[in-house]
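Work through the exercises below with the structure open, trying each task before reading its solution.

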Amino acid sequence: MDSVFQFNHSYQSLGDAFFKKVLPTPVAAPALLLFNQPLAIKLGIQADENDSLLAGILSGNKLAEGSISIAQAYAGHQFGYFTMLGDGRAILLGEHISPDGQRWDVQLKGAGPTPYSRRGDGRATLRAMLREYLISEAMHGLGISSSRSLAVVTTGDKVFREEIQAGAVLTRIMKSHIRVGTFEYARQYLKTEDLESLTKYTLNRHYPAVEIQQNAALTLLEQVLQQQARLIAEWMRVGFIHGVMNTDNMSIAGETFDYGPCAFLNSYDSTKAFSSIDTNGRYAFGNQPNIAHWNLSCLANALLPIIHSDTDTAVKMATEVLNQFPSLYTQLYTATMAAKIGFDENNISNEVIDLLKELMQWMQKEQADYTNTFLTIQGALQCEGIYSGLTFTNWLEKRSSLLLAAGINNEKATEIMFHKNPVIIPRNHRVEEALDAVVMHNDRAKFNQLLQWVQCPYKPVGDYSAFMEPPVNGDGFYATYCGT
Ligand code: AMP
Ligand code: MG
């Protein structure tokens, strides 16, 4: 097999304080279960799913040509508390350069222990890797910046969790795995020069076109802030709850990643948190913008010594940038939510904002399905049940008169709404059903069907109507789990 990836290792130029060289630990019987051929083609990855050598390479049994594999060092605030972390079960094979010159981290998740594994086994369960594959591809399909999934390889090994499970390795593709926690690590454990080179490296890698304003650190902070404001507004648009927005899970390039305990909203509830360990709702749906802002303050804090040599001045300069977040986020959020009910950016009046608030209050009170409420407004679903009641009907009338006043006809409104309101989201009960079928019965049909629909969420093809329905009895005690 010719070389699958065109590897380069620019991250390693930062010096060995930023990583440890480590080889994946071989697995018993690698078998390719899922391969994302369209992604491989897009990135110029020379691989064919029928190639018998591919499973060996994507399980780590055979080191890919050109790879110098490492585990990256990072720290992070987990549920508000600072701790040293690092890739405990992920191994970076290298940075693949696609034919258009773009750089992509190729990482094997679940590839065995590393110097950062602490007491963990370095492994991942098949169920969790299938879930990450499905939801990351759904996010991409929704048009939201996300890590991508190239493959899932089953290992033939058992993984010991609460019960014995099948093991798997996921190949994750990202612009980079540099995160807020990488900067916190450099600040806490390395020299100021290292923090400086990390900042320059990151700006150069992810924001090469941006002109440095006052200084590199402040410019980076501003760029990350803008990307995160955009990203969180997008999560809110589709009802996505990340579930574990620790600073080590916040990417500097603004990509959604670390799909552990994430889930999508069915009925609207701004306090909704599915993660079994998020008992205080720190990462609840409606709290995500606050947490993003908090995480950005951790990034700012890490950068302080290279923002200004005088700490008070540095704090003042960083605070000025951080203070941009609430208004920028509100502006982006309002624009995307207004588009969900048919108004374009130029027509967001105070009346439209009030109209949105009224809708959210009504949804919360009625526990209305988040996705289907917008589809009903769009006319893609009929006004039945709670949607035929007086409050909602009055709301629709109010909306119609505001659209009329803004000169937006029905056709235009539908066009504005179309790419904002998905028809299909990976609903929790459907995700679990698809995962059960693969893991318990080795039946991939349901998974493949759901994957196909979530990859085209605005215009799915086929008989998908049952997949638009929320679970009959709501989410009940549905809970999600970290690190499985
Ligand atoms: P996460 O919750 O996925 O963001 O992971 C938090 C930290 O735990 C990271 O440093 C991971 O590398 C580490 N980790 C999670 N699962 C394992 C595992 N099975 N073995 C070793 N380290 C792990
Ligand atoms: Mg993580």
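**Exercise 1: the ligand site**

Task: sort the shell residues of ligand 1 by class, and find which domains supply them.

Solution. The shell around ligand 1 comprises 2 nonpolar, 7 polar and 8 charged residues, where Ala, Val, Leu, Ile, Met, Phe, Trp, Tyr, Cys and Pro count as nonpolar, Asp, Glu, Lys and Arg as charged, and the others, Gly among them, as polar. Before going on, note that this is a predicted model, in which local features need pLDDT of at least 70 and side-chain atom pairs pLDDT 80 or more, while totals for chains, interfaces and linings use all residues. Residues are numbered from 1 along each chain as its sequence is written, chains are lettered from A and ligands numbered from 1 in the order in which they are written, and side-chain values use heavy atoms, without hydrogens and water.

Next, domain 1 (7–174) and domain 2 (180–323) each give at least three residues to the shell, the bounds coming from an automatic or database domain assignment.

**Exercise 2: contacts of the ligand**

Solution. Of the 17 residues around ligand 1 (a heavy atom within 4 Å), the nearest are Gly86, Gly88, Asp121, Gly122 and Asp258. Taking the polar contacts (N or O pairs within 3.5 Å) in turn, an oxygen atom of ligand 1 is 2.7 Å from a polar backbone atom of Gly88, a nitrogen atom of ligand 1 is 2.9 Å from a side-chain N or O atom of Asp121, and an oxygen atom of ligand 1 is 3.0 Å from a side-chain N or O atom of Asp258. The protein buries 86% of the 480 Å² that ligand 1 exposes when taken alone, by the Shrake-Rupley method with a 1.4 Å probe.

**Exercise 3: the domains**

Key. Polar contact = N/O pair within 3.5 Å; in protein donor to acceptor, adjacent residues only side chain to side chain.
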